[in-house]
Each structure stands twice: as structure tokens, then as C-alpha cells.
Amino acid sequence: MPSDSPSAVFAKLAEMVYSGDDFAQVYQAICDAAAVLVPGCTHASIMLKQNDQHLTVGASDSVAAHVDALERAEQEGPCLDAIEKEAPQVEADLARSAQWPRLAQRAIAETPVRGAAGFRLLIKGRKVGALNLFSDTPGTFTDESIDQAILITAFAAVTLTALHEHQEAQTLRAGLASNREIGKAIGLLMAFHDISEDRAFDLLRKTSQDMNIKLTGVAREIIAHHNSKFD
């Protein structure tokens, strides 16, 4: 992110959605923003639950990704709990953790992380994952940190929901365009070869199979050929 002000960060995330950027870029931007904007946060990640598996889809750095891997290995931690529980999952000092003792032991031994927190991420009302924050200094996750993290998580949910809807709309438009192209190609075949609609579609499909080209691709070629004859 070019600026560490909240307004600049949120504006950039909104711009990424409306420009059609992919999910990977937005996940990364959210993690980078959290590591900058949340007091005490040194590393951040996003973990999603997909088909009973937990996957890290974005991380501010390798440390965050490694702690996520430790959570999966030990089957405990703030991210895993945050996905299932509405309340923020916070341990400001892992050395004193009673919530996740196995994770705490390994995180302290293998990383500089000394504090961890997880915040549930909802997309279209579904519990899909969590924003995870890690601190290299024990005791630095305060009420202010939690409030800022909740704000960023809420904005992340809105951002990702908007991106889902944007991509769904693009897919729908592409599908409608493809259907129109196929319909137009069938109409041209019917008109110029005096054949039935079923026969025209069978011809279109067979050409697609024989040439190993998608049906829409064949339809476009037929339309382009017809247009070129009348230019």
C-alpha cells in the first residue's frame, strides 16, 4: 500500500474491486493493510475454510504463513476458533496461553510471534474464514488494536462480497453474450443452408468437437465469416 492512512487503504481496496482485480490481490492487500493499520500487529494473514480444509490465501509475510501452518498442524489457534466463533479470539501473550498451548509452544520456538488474534470473516452471511493478526511483542494487542481489527475485518468482508458479486455479474454477462452468439450462429446456418434449428445446432456442435474449439468460438467464427461477406 502506498500510504498507511486508513482512508487511503480503504480507498485502494475499493478501487481494486471496481477495477476487477482478482481475489489473490485483494487478499494480499487486506493482509498488508492489517499489518500496517492495527496497533501492535507485525504480521497478518487470511485463512479460508474450503471443503473442510483450511487454506492460507493471503499473508503479509512468511512468518504469518508459517503460524497459519502451525495452526493447521496442531489443529488449534485463533484463526480456527474465529471461523467458528463470532467473538474475536485474542491472546496477547502466547507464553501465558491456556487457549492454544500446542500452538503457543511451537510459535514461540519457531517464530518471533508472541501474540495472536483471529477475527471471523463473513461473506454473504457465510463463515468462510478469518483475518489473523500476529505480534512480535507480548501484550501489545490492546482494546484499540481489537477495535481497529474489527473495522478492517468488516471492511474486508464488504470488499470481498463486492468482488464476489462483481465477478458473478461478469460471468453472467459473458454467459448471456455467449448464448446470443450461439443463437445468432444457429440462425445464420439455418438461413443460408436451409436447415432446421436442430440440424444447425448439431452442425455447430460437431464442428466444435472436430476442431477442438469451444462452441462459442465456433459461433464467433461463423458470425465473423458472415459479417466479412457483407463488409
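Mentor: What follows goes from the sheet to its strands, then to the helices and a few side chains.

This is a predicted model, in which local features need pLDDT of at least 70 and side-chain atom pairs count only at pLDDT 80 or more, while totals for chains, interfaces and linings use all residues. Residues are numbered from 1 along each chain as its sequence is written, and side-chain values use heavy atoms, with hydrogens and water left out.

The sheet is open and has 5 strands in the order β2-β1-β5-β4-β3, with antiparallel pairing; strands (E, at least two residues) and helices (H or I, at least four) are DSSP runs numbered from the N terminus, and two strands pair if DSSP finds at least two bridges between them. The edges are taken by β2 (53-59) and β3 (89-91), each of which has a single partner strand, so one side of each is left without a neighbour in the sheet. On average, and with direction ignored, neighbouring strands are turned by 20 degrees against each other.

Strand β1 (residues 43-50) runs antiparallel to β5 and is joined to it by 6 bridges, and Ser45 has Asn132 of β5 as its bridge partner. Strand β4 (residues 115-123) is also antiparallel to β5, with 9 bridges between them; here Gly115 is partnered by Ser135, and Gly118 by Asn132. The hairpin formed by β4 and β5 has 2 residues between the strands, and Lys124 in this turn has a positive phi of about 55 degrees.

Helix α2 packs on the sheet, touching β1, β2 and β5, and its direction makes about 140 degrees with that of β1. Helix α3 likewise packs on the sheet and touches β1, β2 and β5, but its direction makes about 40 degrees with that of β1. Contact here means heavy atoms within 4.5 Å, while axes are lines fitted to C-alpha atoms, for helices over the stretch in contact, and angles run from 0 to 180 degrees between N-to-C directions.

Helix α3 (residues 62-74) also meets helix α5 (residues 101-110), their axes coming within 10 Å and crossing at roughly 145 degrees. Residues including Val67 and Leu70 of α3 meet residues of α5, among them Leu103 and Ala107.

Within α2 (residues 23-37), Phe23 and Tyr27 are 4 residues apart, about one turn of the helix, and both are buried. The count of aromatic pairs is 1. The ring centres of Phe23 and Tyr27 are 6.0 Å apart and the planes stand at 35 degrees, so the pair is tilted; rings of Phe, Tyr and Trp (its six-membered ring) pair if their centres lie within 6.5 Å, with planes under 30 degrees apart counted as stacked, over 60 as edge-to-face and the rest as tilted.

Finally, the whole structure holds 0 disulfides, a disulfide being a pair of cysteine sulfur atoms within 2.5 Å. The sulfur of Cys31 has its closest cysteine sulfur in Cys41, 9.3 Å away, which is too far for a bond. Cys31 is buried at 0% relative accessibility, and Cys41 is buried with a relative accessible area of 9%.

How values were computed: Buried < 20%, exposed > 50% of the residue type's maximum accessible area, 1.4 Å probe, protein only.
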